[in-house]
Amino acid sequence: MKTTFLTLALAAIGSISVNSLATAQSYPEKSLQLIVPFPPGGASDVVARIIGGELEARLGKPVIIMNRPGGGTTIAAKEVARAAPDGYTLFFSSNSSFTLPAAVKESVPYDAAKDFEPLGRVGKITLALVTYKDNPVKDLPALVAEAKANPDKLSLASFGVATVSHFAGELFKSNAGIKMVHLPYKGSAPAMNDLIGKHIQYHVDTVIAVKPQIEAGTVKVMAVFSGQRTPFLPDTPTLAELGYPAIDFSSWGAVVAPKGLPPPVRDKLTATLEEIINSPSVVERFVKVGFEPGFARFDDWAGAVTKETAEMKDIAQKAGIKDE
């Protein structure tokens, strides 16, 4: 009896191994969809389309980009979380979907730590603190000194409530020990227009939005929020360099799938994604749009998401950030 049971068990294991190999070899057998929680045309959409095109070329099947904006990215994230874990629904997003919603919403229709299968981190977009070109406040120390002397008199804009821009601004104010009036906008463009028109004094935005304005001579940058200087603004110091070592904040991007993805399919997608992100031609295309590529596997996705969500909750509670 024991011999028979062992024989059957080994046969079952062998069958699973053969089926897994067959799954990896045959996948994909149809088109894939890559869901993006942002409108067409933005930086994240551009990055997603580059990744989607490269996946299509390497996997040999169409990869359809599906834009699902709304709900602060939660509509798209919920759709992916509830999709079949078969490798045909993928999701490209950032901490805007994975850690920020749970920091400010009473209820989120998915659990980012448990409902997604991470395929890899693909890079980041750096954030910058900017002001209008001829602001007499010349640098960050001068800004901090003025803000301390005039609490709640200076304005600091973001491109939306509870966005990475808002969180970054509040993190800066907290570390600097200053009080500034937060002015949320419905997107980057209107905030930048008001900054150029001197209707607001300071603004936190992505280097993608900031760099063209710097080159046009309409704004000046005071610091970036990344731990190291960004190659897109190499002469701009980081906030850490300027005396705030705790600040290392960016909009990081990752590709995930619904939880429960078959390991062979997951491994194939991860290996393909790593190949894409490390490709010199893809790196060149990313750099042109201001995206800093850098592939990394998540050894502990749940732990990383849980840790960052707790950090974002702390920022939100201290600053009073609430979902609209």
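## Basis of the model

Because the model is predicted, local features need pLDDT of at least 70 and side-chain atom pairs count only at pLDDT 80 or more, while totals for chains, interfaces and linings use all residues. Residues are numbered from 1 along each chain as its sequence is written, and side-chain values use heavy atoms, with hydrogens and water left out.

## The largest pocket

The largest pocket holds about 1000 Å³ of space. A pocket is an open set of points on a 1 Å grid over the protein atoms alone, where a 1.4 Å probe fits, with protein on both sides within 12 Å along at least five of seven lines; lining residues have an atom within 4 Å of a point. The volume is the space filled by probe spheres set on the points, which are joined across faces, edges and corners. The lining comprises 38 residues, and F38, T73, S96, F159 and T163 are the closest to the centre.

Two or more lining residues come from each of α2 (43-59), α5 (101-104), β7 (202-206) and α9 (207-216). Helices (H or I, at least four residues) and strands (E, at least two) are DSSP runs numbered from the N terminus. The largest share, three residues, belongs to α2. By class, the lining has 17 nonpolar, 15 polar and six charged residues; Ala, Val, Leu, Ile, Met, Phe, Trp, Tyr, Cys and Pro count as nonpolar, Asp, Glu, Lys and Arg as charged, and the others, Gly among them, as polar.

## The second largest pocket

About 430 Å³ of space lies in the second largest pocket. Its lining consists of 19 residues, with D248, F249, W252, E308 and E311 nearest the centre. At least two lining residues are supplied by each of β4 (116-132), β9 (250-258) and α12 (301-319), and α12 gives the most, with eight. Nine residues of this lining are nonpolar, three are polar and seven are charged.

## H203 in strand β7

H203 lies in strand β7 and counts as buried because its relative accessibility is 0%. The cut-offs are under 20% relative accessible area for buried, over 50% for exposed, and partly exposed in between (1.4 Å probe, protein chains only).

The side chain of H203 makes a polar contact with that of D205 at 2.9 Å. Such a contact is a pair of N or O atoms within 3.5 Å; within protein, one must be able to donate a hydrogen and the other to accept it, and residues adjacent in sequence count only if both atoms are side-chain atoms. A polar atom of the H203 side chain also lies 3.1 Å from the backbone oxygen of A157. Beyond four places in sequence, H203 is in contact (heavy atoms within 4.5 Å) with residues including L129, F159, S188 and M192.

## The buried side of helix α3

In helix α3 (residues 74-81), the buried residues are T74, A76, A77, V80 and A81. They lie on the same side of α3 because they cover an arc of only 160° around the axis, taken from the directions from the helix axis to the C-beta atoms. These buried residues pack against β1 (32-36), β3 (89-94), α5, β4 and β9.

## Two loop residues

T236 is placed in the loop between β8 (219-224) and β9, and is buried with a relative accessible area of 7%. Leaving aside neighbours within four places in sequence, T236 contacts V221, M222, A223, V224 and R229.

V289 occupies the loop between α11 (280-288) and β10 (292-296). With a relative accessible area of 24%, V289 is partly exposed. Not counting residues up to four places away in sequence, V289 touches V46, V47 and I208.
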